[in-house]
Amino acid sequence: MQKEACYLVTGGTRGIGRAVTEELLNTGARVAFTYRSSGEAAEELKARYGDRVLAVKADAEHLEQARETVAQVREAFGALDGLIINAGITRDKPLFLMQEEEWDEVLRVNLKGTYNYARAAIYEFVKQNSGRIVCMTSVSGITGSPGQTNYSAAKAGQIGFVRSLSKEVARHGITVNAVAPGYIETDMWEAMREEARTHALSSIPMGRAGRPEDVAHAVSFLLSPQAGYITGSVLVVDGGLSS
């Protein structure tokens, strides 16, 4: 009998993170996810999937919380096969108006959070000579985006992190990749002004925003055996926006 895969998704209750969590659960895996404030959504997932899901309230900014989360997952599931680093925030503003804390907070959550969870999991992956890490970056980290110097810098940093770490750990059977979504139908998309959404759609060759499930399918592929020889790569899911 094949062993159930066990995964940890950071920021797994909303938008892309929720779609990834549900995609993996629907493939038969056991999935732990972190959340910071979406307690109701966490309870809903727990009620639907029972003991195949583990919800952990944790902050991406703190290494010790990341270590405690990884330990909880291993205790509950007996294993950890893959880590999906998804938790992130935006604090969009032109640089000349951006406050220092708005810069620091985005870098702490999005980039330092990437270090925290990868650092918390990597030793066990090395010991077991296997593991998958998928980091959720953004096309903003590839092309840049006005009003997002903090976010674009963090996302570009994640890409450099993925490419460097993949070289460090490939000999241990560990793959490290990134997925870079473009405009996706999440809360952030809905919060955009109508004229901004119209302009965004006009720049997408496929003529529509992506769905969270589009990104979840890409993540699922990178976690699969079929992607076993892919590492250090950035899989862009943007309908042709950045091409």
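This is a predicted model: local features need pLDDT of at least 70, side-chain atom pairs count only at pLDDT 80 or more; totals for chains, interfaces and linings use all residues.

Q: At what angle do α1 and α2 pack?
A: About 10 degrees, with the axes 12 Å apart. Angles under 35 degrees count as roughly parallel, so α1 is roughly parallel to α2. Helix α1 covers residues 15–26, and α2 covers residues 39–49.

Q: New topic: the sheet. What is the strand order?
A: The order is β3-β2-β1-β4-β5-β6-β7. These seven strands form an open sheet with parallel pairing.

Q: Which strands stand at the edges?
A: β3 (53–57) and β7 (234–237). Each has a single partner strand, so one side of each has no neighbour in the sheet.

Q: How many degrees are neighbouring strands turned against each other?
A: On average 15 degrees, ignoring direction.

Q: Let's zoom in. Over how many bridges do β5 and β6 pair?
A: Six, in the parallel sense. β5 is residues 131–136 and β6 is residues 174–181.

Q: Which residue in β6 does G131 stand opposite?
A: I174.

Q: Which strands does helix α6 lie across?
A: β5, β6 and β7. Helix α6, residues 149–169, runs at about 160 degrees to β6.

Q: Where does N129 lie?
A: In the loop between α4 (100–128) and β5. N129 has a positive phi of about 55 degrees, though it is not a glycine. Most residues other than glycine have a negative phi.

Q: Now the whole chain. How many helices and strands are there?
A: Nine helices and seven strands.

Q: Why call the chain as compact as a globular protein of that length?
A: Because its radius of gyration is 17 Å, close to the 18 Å that the globule rule gives for 243 residues. The C-alpha trace spans about 55 × 40 × 35 Å along its principal axes.

Q: What share of the residues is buried?
A: 50% of the 243 residues.

Q: And what share of contacts joins residues at least 24 apart?
A: 70%, among contacts between residues at least 6 apart in sequence.

Technical notes
Residues are numbered from 1 along each chain as its sequence is written. Side-chain values use heavy atoms; hydrogens and water are left out. Two strands pair if DSSP finds at least two bridges between them. Helices (H or I, at least four residues) and strands (E, at least two) are DSSP runs, numbered from the N terminus. Axes are lines fitted to C-alpha atoms, for helices over the stretch in contact, and angles run from 0 to 180 degrees between N-to-C directions. Contact means heavy atoms within 4.5 Å. Angles under 35 degrees count as roughly parallel, over 145 as roughly antiparallel, 65 to 115 as roughly perpendicular and the rest as oblique. The radius of gyration is taken over C-alpha atoms; the globule rule is 2.2 Å times the number of residues to the power 0.38. Buried means under 20% relative accessible area, exposed over 50%, partly exposed in between (1.4 Å probe, protein chains only).
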